[in-house]
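Biologist: Walk me through this one, please. I want to know how to read each feature.

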Amino acid sequence: YSKDAVLLPTASDLPRTNYALIQDYFDSFLQKEPRGTILESNVLMGANWAQDAGIYEFTMGVDGTKVKARYTFNYIYEDGQWKIS
């Protein structure tokens, strides 16, 4: 994630506006053993940025529940690497 990233998580109502909050979300989410599938993807690219928006579905390995949601990933080229912003 980029220095100023914001995460609006799929499985949480709390916006994650700093690294610690983003890490906290994934620490909890990954305990559910998610397996994701992208159902629809729309990619745009520009100079030092890219965007991928679409629909994905997660199946939770711990109990088989499914979560289908829209997503948008914005990427920037920062410090010589592509990062989610």
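**Pocket, core and rings**

Modeller: Start with the largest pocket: strand β3 gives the largest share of its lining, six residues. Helices (H or I, at least four residues) and strands (E, at least two) are DSSP runs, numbered from the N terminus. The model is predicted, so local features need pLDDT of at least 70, side-chain atom pairs need 80 or more, and totals for chains, interfaces and linings use all residues. Residues count from 1 along each chain as its sequence is written, and side-chain values use heavy atoms, without hydrogens or water.

Biologist: Which residues lie nearest the centre of the largest pocket?

Modeller: First the term: on a 1 Å grid over the protein atoms alone, a pocket is an open set of points where a 1.4 Å probe fits, with protein on both sides within 12 Å along at least five of seven lines; lining residues have an atom within 4 Å of a point. Here, 21 residues line the largest pocket, and L7, L8, Y56, T72 and F73 lie nearest its centre. The elements giving two or more lining residues are α1 (19-30), β2 (49-60) and β3 (66-78).

Biologist: What is the volume of the largest pocket, and how does its lining split by class?

Modeller: The volume is about 500 Å³. That is the space filled by probe spheres set on grid points, which are joined across faces, edges and corners. The lining has 16 nonpolar, four polar and one charged residues.

Biologist: Which residues make up the largest nonpolar core?

Modeller: The general idea comes first. In soluble globular proteins, nonpolar side chains tend to be buried together. A nonpolar core is a set of buried Ala, Val, Leu, Ile, Met, Phe, Trp, Tyr and Cys residues joined through side-chain atoms within 4.5 Å. Buried means under 20% relative accessible area, exposed over 50%, partly exposed in between (1.4 Å probe, protein chains only). In this model the largest core has ten residues: A5, L7, I22, Y25, F29, Y56, F58, M60, A69 and Y71.

Biologist: What does A5 contact beyond its sequence neighbours?

Modeller: Contact means heavy atoms within 4.5 Å. Beyond four places in sequence, A5 meets R16, T17, N18, I22, I84 and S85.

Biologist: How many aromatic pairs are there?

Modeller: Rings of Phe, Tyr and Trp (its six-membered ring) pair if their centres lie within 6.5 Å; planes under 30 degrees apart are stacked, over 60 edge-to-face, the rest tilted. The whole structure holds nine such pairs. Y25 and F29 are stacked, at 5.4 Å centre to centre and 15° between the planes. They are separated by about one helical turn, because they sit four residues apart in α1. Y25 is buried at 6%, and F29 is buried at 6%. Y56 and F58 pair edge-to-face, with 4.8 Å between centres and 65° between planes. Y56 counts as buried because its relative accessible area is 12%; F58, at 15%, is buried. Ring pairs link Y1, Y25, F26, F29, Y56, F58, Y71, F73 and Y75 into a cluster.

Biologist: Is K83 buried or exposed?

Modeller: K83 counts as buried because its relative accessibility is 16%. K83 lies in strand β4 (residues 81-84). Not counting residues up to four places away in sequence, K83 touches Y1, S2, N74, Y75, I76 and E78.

Biologist: Where is E33?

Modeller: E33 is in the loop between α1 and β1 (34-46). Its phi is positive, about 55°, although E33 is not a glycine. E33 is partly exposed at 47%.

Technical notes
Nonpolar A, V, L, I, M, F, W, Y, C, P; charged D, E, K, R; others polar.
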